[in-house]
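Student: Could we go through this model together, with the cut-offs stated as we go?

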Amino acid sequence: MREFIENYGISRSTVAFSLLLVISTTTYRPAFAATHSHYREKAPHSEGVTHHTSAPKPTARTMKPGREAISVSGKRLRTHAAEVAISRNVMNRFVPGTNPMQILALTTPGANFTSSDAFGLDTAANTFYVRGFTQTQIGATLDGIPLGTQGFTNQNGVSITQAMIQDDLAGMTISQGAGSLDTFSAQLLGAAMTYTSSDPTDKAGGRLSQSFGSYNAFRTYARADSGVLNPSGTKFYTSFARTENKLWKGEGYQRELQADAKLVQPIGSTGKITGFFGYGNFTQANYLSLTKNMWERLGRDTTYLKPDYEKAKLWAYYAQFTSKVPPGYEGILSNSEVGNYAWDGSQIQRSYLSSVNGHFDLTPLLHSDTVAYGNVSSGVYGGTNNFVTSPSYGVPMLLADGSVSGVPMALQRAHAGMQRVGFTQKFSYEAPHRNLVEGGLWYENNRWIYNARLYEDTPTAAHNMMSDLKKGTGATWFEDTYNSNSFQFFLQDRWTIIKGMTLLAGFKSLTQTTHGGTKNDFTQQLKSEGWNTYYRRPARGSLTASGAFLPHFSFDYHFLEHHEVYWDIAENLRAYDYYSQVASGTAWGGLGNASQPAQQVFDANKKILKPERTWNYVVGYRYDDALFTGTLDYYHTDYYNRLASITEGTANNTRNAYMNVGRETMDGVDVLGAIRPIRGLEITNSFSWNDARYQGTGINYGGRLYSLKGKRQVYYPAYMYKANLAYSWRSTIFNFNVNYISARPMTFLNDISIPPYWLANMTLAHDFGRIGFADHLKASFGVTNLFDKNYIGGVYGAASVSGDNNSNLFVASPRQFIGTIGAQF
């Protein structure tokens, strides 16, 4: 935090205020239950992934002993039938500390998560899809706090893995259909994730767990609950987690430090105020992203060249000054692929999230929820740049002995920072004739800074991996700043037509204006100093994405006790992305070239670009009883103004385009069946089919006209199969899951694909009960990638039109073993 303040002049504390969603964990089930008392529906039977509709607040009459539930009071959480809920009980089946999005993907039809590490912490390599939408197109909230984009760097928000410790989550839901009107997000195109934190316990105590695993992995988690401190009901908890492991290939490590604190203060019998603070500090040496050829020819373990410094200089020389490859790699690698093999890469991310939330029953029928929040983050990203030269040692030359004089590379670091503040306000009114009317608004201001600097390496030694270099050192290449203002309003009415039948109708309005881009660019100055810098595409200006009326309709009908039918229709709009002048996939980034200035391209695009819109349609049926749960969903999406980034070439000679590729249509089916033949055993199988295809008849890229009509969406699988076996006997729990992911197109013309793969994971846990002063002493053992499959996991970066031109692929981690001992006190 000190470094961020020094660099960007931000005040020492950012405090956010809000009114709260309150979640408590009890020992009964269903997975999620919450609504106003007179809108009651029967709770679903499944203890696993639970599709559900509004359910009653638990009462003594409806409780079932021995079952887990997450009850929601204060804010009346309502979900439609296309929503999937994951309880804390289900989350406990997986390795402690696992990324919540990874758990969602392993248990939810139509969802897919891939990464480069077993815990799913690597933000650069993480890829999350739900029915064709990526994590950058999905709305996400934590206790009503908008989290913004869940992709790499989080220039407009914070990843859930840094916002909150996974163990402190009470549960999560994902709306697979059209999203939801009361999810505040400027990125939402088709789905919404809702994370809910656990409350402090009424009784003083704590929890402690320690994990150990492959590649020197360890994870420590500790939590202390104060219990109720006074007659007014004041209570709080604080928690801490540290996760660390060595990279499974190459040199370096991953380390994540997290801390949470939550204070709950009831206000009489009609309200509650809650304060929350979350801290995340993620540091890692990156895994090298690969082309498909690099993976196939050099294997799973190919990565950065560290610790061979002479080899790193040699390969940088070949990449920067020649069109050839080093001896021995002829016919194996291309010259551009040689340029990918740098000395190292790393990242440091720090985030501080705070809020004050509250819920008040203003009258027996009128309820208010207000959230005010602040989020400050800093990041240092980058590594060796093979296409610039450290100037103090002259022009590099290839010597007769095969070594290189001079230093044909340098450390490039991006110093990034974000400061956002905002608030949300929601009202709900239980109107006559079984109508529940809800409305609300959201405002947020976000300031994003991205400054790129170069630091010299020496002839005999490179930089330290985690060089946390301060402002004022190094040579500034360019400086970018962006400022965005977002506003959203929604209004909806949920009408209970008859018992078990509800109809929702409403709309939202969304507008976001972003101004910014290049503040300073020093490319020519650095070139004259001998850095051999290349064109960096400076552009600056403003864009507004706005939709005044975005409607949403849904219908849900429970009949004959165990049957349910539902449909969901909505229009959504997504604001323009921003990041830096060199980043592909944004309206400000990667534009033009030395002969066609980026500013010229931006000004031309501003006249023709329109924000992406979607119309989403979902229809489904569910049967649910104590022995069997079955669901069948069909969905259709129409994309309008489909924006795509196309990139080809090396870092110093990239050809980028950010353009409207026309329409895209998507059809899909999700089928799920879960049987519970005996007590404690649940077997779930699901199958997903998705046919997402571009409909654009012609795009002009690099002076050539290409037709994308009928081509499948890049990076998304057409088929997924998931099976999960969960068995509990007395105090022992066993969980086994297996996933099949079909081939994923790598290019817009679909001429190359990422191969399909099978993936299996297993966990076994036993609760020994009370031993000494420790209660619920629990031991667990987990295996990720059980059969040690060599496969491509995450994908990051813009696709090319055709050919294996971009190093966007991350190899997933091999088999890893993780054991945990935990207890409550």
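Tutor: Buried means under 20% relative accessible area, exposed over 50%, and partly exposed in between, with a 1.4 Å probe and protein chains only. This is a predicted model, in which local features need pLDDT of at least 70 and side-chain atom pairs count only at pLDDT 80 or more, while totals for chains, interfaces and linings use all residues. Residues are numbered from 1 along each chain as its sequence is written, and side-chain values use heavy atoms, with hydrogens and water left out.

Student: Is Val-619 buried, partly exposed or exposed?

Tutor: Val-619 belongs to strand E28, residues 612-624, where strands are DSSP runs of at least two residues, numbered from the N terminus. Because its relative accessibility is 42%, Val-619 counts as partly exposed.

Student: Where is Gly-383 placed, and is Gly-383 buried or exposed?

Tutor: Gly-383 is found in strand E19, which covers residues 366-385. Its relative accessible area is 9%, so Gly-383 is buried.

Student: How are the rings of Phe-184 and Phe-490 arranged as an aromatic pair?

Tutor: The structure holds 34 aromatic pairs, counted when ring centres of Phe, Tyr or Trp (its six-membered ring) lie within 6.5 Å, with planes under 30 degrees apart called stacked, over 60 edge-to-face and the rest tilted. For Phe-184 and Phe-490 the centres are 5.9 Å apart and the planes make 55 degrees, an arrangement that is tilted.

Student: Which strand holds Phe-490, and how many residues separate Phe-490 from Phe-184?

Tutor: Both residues are buried. Phe-184 lies in the loop between strand E11 (169-175) and strand E12 (192-197), whereas Phe-490 is in strand E24 (residues 475-498), and the separation is 306 residues.

Definitions and conventions. Helices (H or I, at least four residues) and strands (E, at least two) are DSSP runs, numbered from the N terminus.
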